[in-house]
Amino acid sequence: MQFNVTRNAASVLYSIISYFCLVVSILGLSEFMLYKYELMSVITPTAAIISALVFLILLLLKNVDSSIKSKKFCLSLVPVFFVYFLFIQFSFLFHMDVNVNLGWIDRNPFTLSLAPLFLFIIFSAFLIKIYFKNVRSVDGNRIKLVAFIIIFSGTAIWHQSSLNVVKNEEAIARERVHLIESMLNKNLSSQKQAVARIRERVESLSYDNFKTLVNIDAKSYTKDYEVIKGVLVVDKKLDFYSGNDFAKTFYANGMLEKPTIKAWMRQSSKDIQFAANSLTLNSEIPILMFLAPIKLSDGSKFYLLTLLDMNLLLEKDYLKHFSKYDTYIELTPQVYFSVDFKDKKRASLAELKSGYNYFIANKISVQGLVEHNTFSFINNYIAIHRSTVINQLILWLTFAFVFVVVLIADSSRLAELRAKYDEVTGLLRLEALNQVFTNLQSMKVINGFSTAVLKLDFFEATYNTLGHKTSDQLLKDVALRISSRAQHDDNSIIVARGTGDSFILYFTNTHLPELEEKLNNILLEVSKAYYLGNIELNLTASCGAVYYEQLASFDINYNVQQANIALEQARKHGGNQVELYQQSMENIYKETIEIRNNLYKAIQNNELEVFYQPIHCLNNQTITGVEALVRWPQKGGWVSPAKFIPVAETTEQVVRVGELVLNKVISDIKKYPQLQNIIVAVNFSTKHIVKKGFSSNLTSLLTQGNILFNNFTVEVTESSFQEKTILENTLHDLIELGVNVAIDDFGTGYSSLSSLANQPANIIKIDREFTLGAEVDSKERRLLDTIITACFDLGKVVVVEGVEDERLISYLAKHKDIRIQGYFFSKPLPIEQLIDYIENC
Ligand code: C2E
Ligand code: MG
Ligand code: MG
């Protein structure tokens, strides 16, 4: 199958591109309203707005007939677009670093995956606009709907699966926070219990034993629990009392000196409490302090503090699985504790946010006492990247699929159109009309219905002169004139291309006088000059139409046939006119068809015969020659050649008849010596004479039959034949060779006195019509006299045809050498009777 992006397909693709932008913005909006995930958006509001804007721009441009002036400049932008597209696509595929700055492209991984796609389609829309300036589709709503559904589904699938990716990622982040929360609480409880145990043991002791035991406990706890860095005991004035080395240094460094810490320690509560030591938070070992006020049996008061390394509170092994997140716990709005202690510097939230791009916030509850905000920032995009690459593939495949679907649908639409419309003229094909009319007829009762066939006069000759290509251009121009004239008049006219150079016109609700006027206007329009390259062409057309006041039954083929019958009549009358169909025409037509069919069979079966009519010279009453006349026996009688020869003339049949008669005549001449010394005339149609090789064929047949050229006459009737030059040249050749040429039926039809001198003939046969009325002294007789004298003056032989009356014979006798053919002497005779006639003469 050959893919060809037509304007229609291009416009559908353009629409699809704009629909895609619309779909993205709608999905973006729905995401914003329905699903918004905290971690990140798939279609960010900015992306949704941009794509809505692109949609609007494309929509606006679609209806603007962009007469792009500098096409070259626009095309030079294409590689720039393309390089940028490749850059973005490859950056996206191979370097999914969301911190990379790609100009105005958002760093959201999904936007990043959309960006090359957007660039590609905008660039495609741009190209479409350059190549097909007008992108309004003529016919493609069905394709558009299908393509829209595909695009919508593909984009929705992409969106849903992208949302799923975000959802899963977010679930991982939340799970991590929950894990942190439970680990933290578990550790804090066990540390609390440890402190409680120490307190329980020492509270019953005396002052002296207290110190020893505390020291022992401090040693064993710091040894057993890595997390416990020190155990510190201070008295009620918060002066150092006892502690291991770490505790000593801690105290000595003034880590309890902060008033808020002192206040916290002195509070009256007997409960074991804990607090982060804000002074150590930015150090290597951030300290969480567990505080247990102790009252010894002698009433003395101390504060027992266990100092825990916050970094060791959480077991990192468990968090490994979730390492693509960095979690920070907000201890105070100024202090953020990194669970992963990757970042020693616990800066402000704004600073954290600028270091990463995407995070989720959670609250964790510590020991059911306090709530802390946590922020989990994503630091590794590998999994998201993998998913976006796969998801982007969904979109590419959707576009590829839609492209193929549009092209396939468009090529099948084109095939349909080609079947419906003619390629040369763009008009409806005759075959497609049936459907149009079945629809039309089912809609309403049609009054004033007409079918017309318009055909160019002598198009064959024009075609031969112009050649195929220019003739097609001419037909296209004619079609354009007909349809624009038809539309100008009324849009209830349907124009279709008929066969060859004919056009079919259908009129509805157009009554007779109006119809004739419209058809004449169309003929007038068609007859205006054509300019094909540097050729100026003037031609005319004829039109036949059938009219129905009310259309009872509809038969397109029959209507065209009727219009064709009328057309034939119009052409017969010289063309360049409109003829309306009448029933009588059809009878003639039917008869013509019947004659044609029967004649075909008669020729095949060699049924045609030849009769001869003698031609006498009045001077000495001798037979100077005979005229061979074809005879067609049928049903015991004869079909008159006056009836069947004109029918045969409309086709090549007349040539076959001429050949048959010639062969019969030659064999008769060969057979009967009586025919060898007189002139035998045979009638030939002009169609036959202009055939290539006519004169050479004839002369070789005559030579083969030992017939003297000057004993043979070619009779031809003048007509409005187009190929006059060829005809005249052939006749001149024949005269030069010594063959006689007779102009038959002189005085009728096209012959005129003025043309007599130029006739390529040495014999003039004056038609019977001229002799009628010339029997007595009359105008006709004087006219006949003038013609005969003129012919003699030009040195022509004159034969007067159809002479029946003796009075005419005696009058014509004054012209020496005049020849007479007519019933007065003899009717046309079969060969045997002719031979008898000649012998008895
Ligand atoms: P045409 O060539 O002018 O032939 C003379 C016609 O006049 C013949 O009619 C003939 O029978 C008729 N005719 C001759 N004398 C008289 C007369 O005194 N009174 C009357 N009323 N008619 C007379 P036909 O045979 O019916 O032929 C009619 C025409 O058919 C011919 O006219 C010729 O044009 C054509 N035709 C006949 N045979 C052939 C043929 O073999 N080939 C071609 N191409 N045309 C032929
Ligand atoms: Mg004749
Ligand atoms: Mg004649």
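Predicted model: local features only at pLDDT ≥ 70, side-chain atom pairs only at ≥ 80, totals over all residues.
**Exercise 1. Work out which residues lie closest to ligand 1 and which elements supply its shell.**

Step 1: start with the neighbours. Ligand 1 has 23 residues around it, and the closest are Glu 627, Arg 631, Asp 744, Glu 804 and Tyr 823.

Step 2: look for polar atoms facing the ligand's oxygens. Asp 744 puts a polar side-chain atom 2.7 Å from an oxygen atom of ligand 1, and Glu 627 does likewise at 2.9 Å. Tyr 823 uses its backbone instead: an N or O atom there sits 2.8 Å from a ligand oxygen.

Step 3: check the cover. On its own, ligand 1 has 780 Å² of accessible area, and the protein covers 84% of that.

Step 4: Two or more residues come from each of β19 (623-634), α18 (641-649) and β23 (740-746). Of the elements, β19 gives the most, with four residues.

Step 5: sort the shell by class. You get nine nonpolar, eight charged and six polar residues.

**Exercise 2. Is Thr 425 buried or exposed, and what does it touch?**

Step 1: find the residue. Thr 425 is in the loop that runs between α11 (382-420) and β10 (428-429).

Step 2: apply the cut-off. Buried means under 20% relative accessible area; Thr 425 comes in at 13%, so it counts as buried.

Step 3: list the partners. The side chain of Thr 425 makes a 2.6 Å polar contact with that of Asp 422. Leaving out residues up to four places away in sequence, Thr 425 touches Leu 475, Lys 476, Ala 479, Arg 497 and Phe 503.

Key:
Residues numbered from 1 in each chain as written. Chains lettered and ligands numbered in written order. Heavy atoms only, no water. Near = heavy atom within 4 Å. Polar contact = N/O pair within 3.5 Å; in protein donor to acceptor, adjacent residues only side chain to side chain. Areas by Shrake-Rupley, 256 points an atom, 1.4 Å probe, with all protein chains shown as cover. Nonpolar A, V, L, I, M, F, W, Y, C, P; charged D, E, K, R; others polar. Buried < 20%, exposed > 50% of the residue type's maximum accessible area, 1.4 Å probe, protein only. Contact = heavy atoms within 4.5 Å.
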